[in-house]
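Subject: Structure handover and findings

Hi,

Here is the structure for you to look over. My notes on what turned up follow below it.

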Amino acid sequence: MRQFPLEMHHVAPGRVVEWRLRSTAAEAGGPDTDAPADPASRKASFNQDKHFTVAEESRAADDPVASWVAVTFEVRGPLDEQALARALLSFVQRHEVLRCAFRRLAGELACEPFDPAALTLDPGLVGTFDDAEALSDFLVERFKRSIDTLSWPLFIMGAVVREDSATVYLAFDHIVCDGMSMPIVAREVLTAYEGLCRGEAAELAPAPSYLDFADEQRRRYLSIDARDSRLDHWKAFMGPAGEFFPRFPLDLGVEPGHMYPIVNEASMLLDAGEAEVFEKTCLAVGGKPFMGVLGSVAVCLRDAGGPGVYRGLMPVSERGRGTWTNSVGWFVNTLPIEFDASPGRDFAQVMASVRAGFAEMIAHCDVPFVRAWELLAPEEFAARSWPYPVNFFSYIDMRKCPGAERHDEWRPTTHVWSARANGACSWFQRDTDGLHMNSIYVDTRAARRTMGDFQEALRLTVQEVARSGGFRRPVALTPQRRPVRGIPLDVAAFARRG
């Protein structure tokens, strides 16, 4: 399983069917916004509240912001459409966050769940496609136009049906899920479907509600203020300049305050054999594969004109070691990480620095990112986007996801999309085929040049680590014409912040 643009995913033509979720106890658009609060309603998480607020403000400014996370997977043999519909409905009923409507109550965002017993699915034929390219174009537009943060339901469910197979798709607004939810979606729907086809009920492990997670999070952190000692790590990371967001250190050709159309692209960095050797090389120096990739990213950014000290944001799962393993929701905290990757340091030294930086990051992982942002950078928090291109790194080993033992058969894939951006984000995935990279960045001439050079340099770097156990010698890349202010350019600055 890996993540790549939906446009790159080949889906064989067929008949497209969708199932629309409806509550028999309320209108599908959610409860009346003027009605009293439902006693069962609860408060949204910090991630959800910020996401919903941006959607509200964008709608009011007639400047809509949109994003979705989707998963597609394969069903072998003739599709039993009734069994799939029952599996999809069971999946939605099981996860409370998927059957919630969101609305403002006294300034706070409330989650009001619909009764699972009152939910039903209405099937509908969307169309029949004979051409794979036309089908791909349709699905891309379908996902973009069918998901609205401010309207329930917050996802669509469908299938491309053929005589001897089907491709099932589910696309979600980010407010109800994260990337790690997608393997859960594929496993649960397919496990339930296969059981129904055999006349059996699927046995699934408990999946506590994300709303319980959100309640606990708000109880712990809503009352803190900027003086709370749990924010000291963030303050130290911000340093004397007081910048909450670590800047992406290379030129993307963006102007302050502007948002741009995106480029969404993906590529393979290492094949399966190379990825295995890369992992062993990382383990040999006391690190993990994601540390090796992050260290390689830092070295490539440095060689392209960035600083020797890497400073970035890294999403970390909040699912824990069992509590929320099978739950769908937005279980992501975003944390600052900093480490030394200065010229002259070999692979083992950079890995030791990454390991120390990661340990320091995890030791201060308790405060939610959105809450820290609101308290420490209130002016930037009021904006609808991050203030400038931000250094961002994400890594997932898909081989460890729920259901991974059947990924070769189910062929699940994750797809992400955003309407616009003002920077660059890169996600790295390891699966049985190798190490992959998916990047979304601004569609400017400078960004295409910069990201193209960076991706090629990174590919050569991780391949060299797998081949020789160390970093390659730097090669000349496209010069960066716009120095980025606010980034420490030497080890002394790193040492001063401790």
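Contact here means heavy atoms within 4.5 Å. On that basis R371 touches F46, Y221, L222, S223 and I224, not counting residues up to four places away in sequence. R371 lies in helix α10 (residues 369-376). Helices (H or I, at least four residues) and strands (E, at least two) are DSSP runs, numbered from the N terminus. R371 counts as buried, at 7% relative accessibility. Buried means under 20% relative accessible area, exposed over 50%, and partly exposed in between (1.4 Å probe, protein chains only).

Please keep the ground rules in mind. This is a predicted model, in which local features need pLDDT of at least 70, side-chain atom pairs count only at pLDDT 80 or more, and totals for chains, interfaces and linings use all residues. Residues are numbered from 1 along each chain as its sequence is written, and side-chain values use heavy atoms, with hydrogens and water left out.

Aromatic pairs

The whole-structure search finds 30 aromatic pairs. Rings of Phe, Tyr and Trp (its six-membered ring) pair if their centres lie within 6.5 Å; planes under 30 degrees apart count as stacked, over 60 as edge-to-face and the rest as tilted.

F213 and W324 make an edge-to-face pair, 5.7 Å centre to centre with 85 degrees between the planes. This pair links distant parts of the chain. F213 sits in helix α5 (residues 210-221), and W324 in the loop between β11 (309-317) and β12 (332-340), 111 residues apart. F213 is buried, with a relative accessible area of 9%. W324 also counts as buried, at 10%.

F245 and W386 form a tilted pair: 5.3 Å centre to centre, 40 degrees between the planes. F245 lies in the loop between α6 (232-238) and β10 (262-271), and W386 in the loop between α11 (378-381) and β13 (393-397), so the pair ties together parts 141 residues apart in sequence. F245 counts as buried at 0% relative accessibility. W386 is partly exposed at 23%.

Both F245 and W386 belong to a cluster linked by ring pairs.

Charges over rings

A charge sits over a ring if NZ of Lys or CZ of Arg is within 6 Å of the ring centre and within 35 degrees of the ring normal. The charged end of R311 sits over the ring of F237, 4.0 Å from its centre. The charged end of R247 sits over the ring of Y388, at 3.9 Å from the ring centre.

Salt bridges

The search of the whole structure finds 34 salt bridges. A salt bridge is a side-chain nitrogen of Lys or Arg within 4 Å of a carboxyl oxygen of Asp or Glu.

R15 and E81 meet in one of them (2.6 Å, N to O). That pair links distant parts of the chain: R15 in strand β2 (residues 14-23) and E81 in helix α2 (residues 81-94), 66 residues apart. R15 is partly exposed at 30% relative accessibility. E81 is partly exposed at 26%.

E279 and R430 form another salt bridge (3.1 Å, N to O). E279 lies in helix α7 (residues 272-284) and R430 in strand β15 (residues 424-431), so the pair ties together parts 151 residues apart in sequence. E279 is buried at 18% relative accessible area. R430 is buried at 4%. E279 and R430 belong to a salt-bridge network with E276, D397 and R399.

The side chains of E456 and R459 also meet in a salt bridge (2.7 Å, N to O). Both residues lie in helix α13 (residues 445-468), three residues apart, about one turn of the helix. E456 is partly exposed at 38%. R459 is buried at 18%.

Two strands pair if DSSP finds at least two bridges between them. β3 and strand β6 (residues 108-113) pair over two bridges, in the antiparallel sense. The bridge partner of R42 in β6 is C111.

Best wishes
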